[in-house]
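Me: I am new to this structure and would like a short walk through it. Could we begin once it is on the screen?

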Amino acid sequence: MSIEVRNITKHFGKFTALSDVSLQIEDGELVSLLGPSGSGKTTLLRVIAGLESVDPDCSGEILFHGESVAGKKASQRQVGFVFQHYAIFRHMTVFENIAFGLRVRPRKTRPSNAIIDSRVRELLRLIQLEGFGNRYPSQLSGGQRQRVALARALAIEPRVLLLDEPFGALDAKVRQGLRDWLRRLHDELHTTTILVTHDQEEALEVSDRVVVMNQARIEQVASPAELFHEPATEFVMNFLGNVNVFQGRLNAGRALVPGLAVDVSVESEEISGPANVYVRPHEWTIHRQTNVAGSLLASVARFNHAGSIAKVALLTQDSREIKIDLPLERFNELSLRLGELVCLSPTKVRVFPTPDIRPKS
């Protein structure tokens with residue numbers, strides 16, 4: 001089931017939740033809506049589900065497989081919705097929770113008890129809870145309860161599965177396990193799925209594509225790799241992962257920051273003026289020599305190597321802090337000492353001119 005959102009706008013009083021948003025989701029995709037709180041991602045999900053209406057004067061449309069769903073209630077859109085806090089019935093067994101959506105169908109469309117029984121048992125297998133059908137939610141872990149909520153949404157065989165921060169209430173290790181499980185489940189079922197999350201790692205791990213939202217608009221839609229390595233806007237660059245940012249200048253195809261000049265690719269070498277220069281922590285080389293051309297001189301302030309990646313913080317001569325991630329083997333080879341002077345060279349930089357830049361006259 002493909003989904004197309006065309007020019008959707010939504011206000012809550014004077015607050016703009018969505019501003020002329022358009023998005024195309026292909027049949028069988030798993031797409032994440034990623035952004036900070038208040039960016040509009042949950043509102044967009046609820047509008048797609050039919051749980052929120054668009055503004056009365058909005059001429060936009062939502063189409064499922066090319067067919068407009070305007071005026072259709074959530075129950076008529078064949079959407080499975082999973083919330084952050086499970087929303088499963090405490091007084092029902094796991095089996096009856098999963099069967100609920102099938103049992104409450106009108107008599108004419110309600111499956112037989114035999115079909116319901118078969119469907120629920122198949123879903124118990126899919127969510128890896130075979131033998132748990134007679135248990136109650138209070139007898140399950142948080143991760144197990146969330147899998148039951150997903151199974152209940154899948155029981156009605158939805159055309160679209162919508163997940164609103166489904167793992168947000170769980171601890172990190174359980175979230176990781178459920179992310180892996182969700183991706184495997186999606187690869188088996190191929191149900192068109194939209195996942196709302198504020199967890200960058202989650203979005204980049206499970207998604208076919210990621211939609212980054214900010215202030216009621218879409219900043220970029222791309223594959224996880226493209227989004228991380230080729231951010232289209234400064235917001236996306238700043239939002240995804242840790243970054244070192246320098247205030248500098250752009251001049252004739254070179255980014256200039258105090259103590260460093262780097263050749264960069266820009267739309268026009270004629271652009272000149274202030275710019276923000278970004279370098280991710282893993283995109284640095286540390287040299288033990290202190291006279292390397294095209295590098296910054298800095299002293300080692302602290303480091304933490306309790307893991308597969310060593311995190312090193314350094315101070316430049318003008319007291320700017322630079323954070324660098326090193327493979328543990330490289331960190332051990334360097335044998336850095338606190339207070340030691342080293343040279344730093346960026347392996348890749350991204351430059352975003354500030355809005356007041358004008359072409360040179």
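Me: Is Cys343 buried or exposed?
Reply: This is a predicted model. In it, Cys343 has a relative accessible area of 2%. Buried means under 20%, so Cys343 counts as buried.

Me: And Cys58, buried or exposed?
Reply: Cys58 has a relative accessible area of 16%. That value is also under the 20% cut-off, so Cys58 is buried.

Me: How many disulfides does the structure hold?
Reply: The structure holds 0 disulfides.

Me: Next, the helix H5. What should its span be, and what is the distance between its ends?
Reply: Helix H5 covers residues 172-189, which is 18 residues. At 1.5 Å a residue it should span 26 Å, and its end C-alpha atoms are 26 Å apart, so the two values agree.

Me: Which residues of H5 are buried?
Reply: They are Leu178, Arg179, Trp181, Leu182, Arg183, Leu185 and His186.

Me: What covers them?
Reply: The cover of the buried residues of H5 includes the strands S3 (30-34), S7 (160-164) and S8 (192-197). The helices H3 (113-126), H4 (142-155) and H6 (200-206) also take part.

Me: What comes just after H5?
Reply: His190 follows, with a positive phi of about 60°.

Me: Changing topic: how much space lies in the largest pocket, and which residues lie nearest its centre?
Reply: The largest pocket holds about 640 Å³ of space. Of its 22 lining residues, Val79, Gly80, Phe81, Gly101 and Ile156 lie nearest the centre.

Me: Which element gives the most to that lining?
Reply: Strand S6 does, with 4 residues.

Me: What is the lining like by class?
Reply: The lining of the largest pocket has 15 nonpolar, 4 polar and 3 charged residues.

Note on methods. Residues numbered from 1 in each chain as written. Predicted model: local features only at pLDDT ≥ 70, side-chain atom pairs only at ≥ 80, totals over all residues. Heavy atoms only, no water. Helix = DSSP H or I, 4+ residues; strand = E, 2+ residues; numbered from the N terminus. Expected span 1.5 Å × (residues − 1). Buried < 20%, exposed > 50% of the residue type's maximum accessible area, 1.4 Å probe, protein only. Contact = heavy atoms within 4.5 Å. Disulfide = S-S within 2.5 Å. 1 Å grid on protein atoms, 1.4 Å probe; cavity = no way out; pocket = protein on both sides within 12 Å on 5 of 7 lines; lining within 4 Å. Points joined across faces, edges and corners; volume = space filled by probe spheres on them. Nonpolar A, V, L, I, M, F, W, Y, C, P; charged D, E, K, R; others polar.
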